[in-house]
Amino acid sequence: MRMTESKTRSALRLGGGALLLAFAISISLYGGESPTATPPAGGIEAVFETEGTTWGSETLKYAPPRYVSNEIGKGYEFNCDFSLADPKYPRCYWDAKLASPVDLSKAASIVMKVRFSNAESVKFICFYLKSNGKWHLSKYYDAITEGMNSIVFQIADYRIEGTANPGGQESLNNVSEI
């Protein structure tokens, strides 16, 4: 999960204060128009719905997310303090390993329910999937609003990180980290 700071919202930088973004996530996988079979235990949903998931960030400067249970379901609240990020590429991110690999090659999309506070500070959100040793990413650029948002990452839009190569849906047959 990566969030990149909006460069068009300079008013939020007044006083040099930290920009905090908090959200809770629940994920559903869909194949076509109807939900697919329940994913195996330890799948992507389990990472977000299970208390005790170990989240890490490359720099370890970001506070670990806090487990929450609310009206949208179980999930984690991530606080993104952009003042701790590299000013050349201000972003916050956390990674987590899945209990067992998941095959997303036949899924159509990943749908997240995300609650934002200070949404104007976010330019876009990425959701990364590590499959077969390579990171794949999809970016969500649509309008992010304060409060509840439904964010859809189309599986067909995933690209291998650092390339224009889509990799193909079949390359997401062994997702081991998010």
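Me: Which residues does Leu129 touch, leaving out those up to four places away in sequence?
Reply: In this predicted model, Leu129 touches Ile44, Leu104, Ile110, Lys134, Trp135, His136, Tyr158, Leu172, Val175, Glu177 and Ile178. Each of these counts as a contact because heavy atoms lie within 4.5 Å.

Me: What makes a set of residues such as the one holding Leu129 a nonpolar core?
Reply: The members must be buried residues of the nonpolar kinds, joined through side-chain atoms within 4.5 Å. The largest such set here has 35 residues, and Leu129 is one of the four that touch the most other members, together with Leu104, Phe127 and Ile178. At least two residues of this core come from each of helix H1 (44–49) and strands S7 (97–102), S8 (109–116), S9 (122–131) and S11 (147–154). Another core, of five residues, lies apart from it, and Cys126, Tyr128, Trp135 and Leu137 are among its members. In soluble globular proteins, nonpolar side chains tend to be buried together.

Me: How do you know whether Ser171 is buried or exposed?
Reply: The relative accessibility of Ser171 is 15%. The limit for buried is under 20%, so Ser171 counts as buried. Ser171 sits in the loop between strand S12 (159–160) and strand S13 (175–177). Beyond its neighbours within four places in sequence, Ser171 is in contact with Ser131, Asn132, His136 and Pro166.

Me: Why is Asn132 called partly exposed?
Reply: Asn132 has 45% relative accessibility. Asn132 is part of the loop between S9 and strand S10 (134–140). Its phi is near 55°, which is positive although the residue is not glycine.

Me: What makes Asn118 partly exposed?
Reply: The relative accessible area of Asn118 is 32%. A residue is buried under 20% and exposed over 50%, so Asn118 is partly exposed. Asn118 lies in the loop between S8 and S9. Phi of Asn118 is near 60°, again a positive value in a residue other than glycine.

Me: How do you know which kind of aromatic pair Trp55 and Tyr76 form?
Reply: Two values settle the matter. The ring centres of Trp55 and Tyr76 are 5.8 Å apart, and rings pair if their centres lie within 6.5 Å. The planes stand at 65°, and over 60 degrees counts as edge-to-face, so this pair is edge-to-face. The two residues are 21 residues apart, with Trp55 in the loop between H1 and strand S4 (66–70) and Tyr76 in strand S5 (residues 73–77). The whole structure has eight aromatic pairs. Ring pairs also join Trp55 and Tyr76 with Tyr67, Phe78 and Trp94 in a cluster.

Key: Residues numbered from 1 in each chain as written. Predicted model: local features only at pLDDT ≥ 70, side-chain atom pairs only at ≥ 80, totals over all residues. Heavy atoms only, no water. Buried < 20%, exposed > 50% of the residue type's maximum accessible area, 1.4 Å probe, protein only. Helix = DSSP H or I, 4+ residues; strand = E, 2+ residues; numbered from the N terminus. Phe/Tyr/Trp six-rings, centres within 6.5 Å; stacked < 30°, edge-to-face > 60°.
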